Amino acid sequence: MENFENVTYLNHPLIQHKISILRNKETGTNEFRQLVEEIAMLEGFEALNDLPLEDVEVETPIEKCMTPMIAGRKLAIVPILRAGLGMVEGILALVPSAKVGHIGLYRDEVTFEPHEYYCKLPNPIEERTIVVCDPMLATGGSAVDAITMIKKRGGKNIKFMCIIAAPDGVKRLHEAHPDVQIYVGHLDRCLNENAYICPGLGDAGDRIFGTK
Ligand code: PRP
Ligand code: URA
């Protein structure tokens, strides 16, 4: 797999350990949902390490001082429905003041191409740093379309965060949106004939919501 400079693989042992539990088909809905949230928080810690700071004056019990706080650009978290919803609380735990948009896409079971059914973003979106989240980057079709939809509405500073990616998906997303920083929990081997990630974790939406 080629190395793209806009792609970060999050090799932290805690992330890898939790992803391994997610993969296990015996892991139930409750634990699965909890782990997706925790991994999103750990990934968010890394993905947000370039948030700008500004010094503000604070009075401690001892004296006044200038001390750094997050400045300027505000954050928008945009999950791709449904499975991306599972990551939102983990990122919100880091930045509780973030606004949350939603993009609804489902993959056609035959063509694997995404179909849009919903889009509602914080307004105005231009000034915000936008974190698009979805646990699975498989063919990359859903992520590419979601980011195209956000750009059409004025979004500029966009990051994409996933838990498991296939090489095809990383390449397609990088080629379509080279300006977007991509954060990947684990890069898996390949896609199977149904465009599922191998070894992957199965259908993320079904496992988070207990459907099927
Ligand atoms: C899954 C997943 C991604 C998409 C990834 O969603 O959550 O959105 O597939 O596949 P791609 O990279 O090939 O586009 P799905 O369409 O199954 O919808 P769901 O979350 O509602 O189950
Ligand atoms: N969507 C999923 O939920 N899992 C995959 O492996 C591929 C797409």
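Good morning. The residues around ligand 2 are R107, M136, A138, A195, Y196, I197, G202, D203 and A204; a residue is counted here if one of its heavy atoms lies within 4 Å of the molecule. What you see is a predicted model, in which local features need pLDDT of at least 70, side-chain atom pairs count only at pLDDT 80 or more, and totals for chains, interfaces and linings use all residues. Residues are numbered from 1 along each chain as its sequence is written, chains are lettered from A and ligands numbered from 1 in the order in which they are written, and side-chain values use heavy atoms, with hydrogens and water left out.

Let me stay with ligand 2. By class, its shell divides into six nonpolar, one polar and two charged residues. In this scheme Ala, Val, Leu, Ile, Met, Phe, Trp, Tyr, Cys and Pro are nonpolar, Asp, Glu, Lys and Arg are charged, and the others, Gly among them, are polar.

Which backbone atoms approach ligand 2? An oxygen atom of the ligand lies 2.8 Å from a backbone N or O atom of I197, and an oxygen atom of ligand 2 also lies 2.8 Å from a backbone N or O atom of A204. For G202, a backbone N or O atom is 2.8 Å from a nitrogen atom of ligand 2. Taken alone, ligand 2 exposes 240 Å², of which the protein buries 88%; such accessible areas come from the Shrake-Rupley method with a 1.4 Å probe, and for residues only the protein chains shown count as cover.

I turn to ligand 1. It is surrounded by 15 residues, the closest being R107, D134, T139, G140 and S142. Six nonpolar, five polar and four charged residues make up this shell. At least two shell residues come from each of β6 (102-107), β9 (136-137) and α4 (141-152); helices (H or I, at least four residues) and strands (E, at least two) are DSSP runs, numbered from the N terminus.

An N or O atom in the side chain of R107 is 2.7 Å from an oxygen atom of ligand 1. Polar backbone atoms also approach ligand 1: one of A138 lies 2.9 Å from an oxygen atom of the ligand, and one of A83 lies 3.2 Å from an oxygen atom of the ligand. On its own, ligand 1 has 500 Å² of accessible area, and the protein covers 90% of this.

Now the backbone. Most residues other than glycine have a negative phi, and most peptide bonds are trans. The peptide bond from L81 to R82 is cis, with omega near -5 degrees, and R82 is placed in the loop between β4 (75-81) and α3 (85-94). A cis bond also runs from C198 to P199, with omega near 0 degrees; P199 is found in the loop between β13 (197-198) and α6 (204-209).

Finally, the cysteines. How many disulfides are there? The count comes to zero, a disulfide being a pair of cysteine sulfur atoms within 2.5 Å. The sulfur of C119 has its closest cysteine sulfur in C133, and because the two are 14 Å apart, they are too far for a bond. C133 is likewise in no disulfide, the nearest cysteine sulfur being that of C162, 11 Å away.

Thank you.

Technical notes: Polar contact = N/O pair within 3.5 Å; in protein donor to acceptor, adjacent residues only side chain to side chain.
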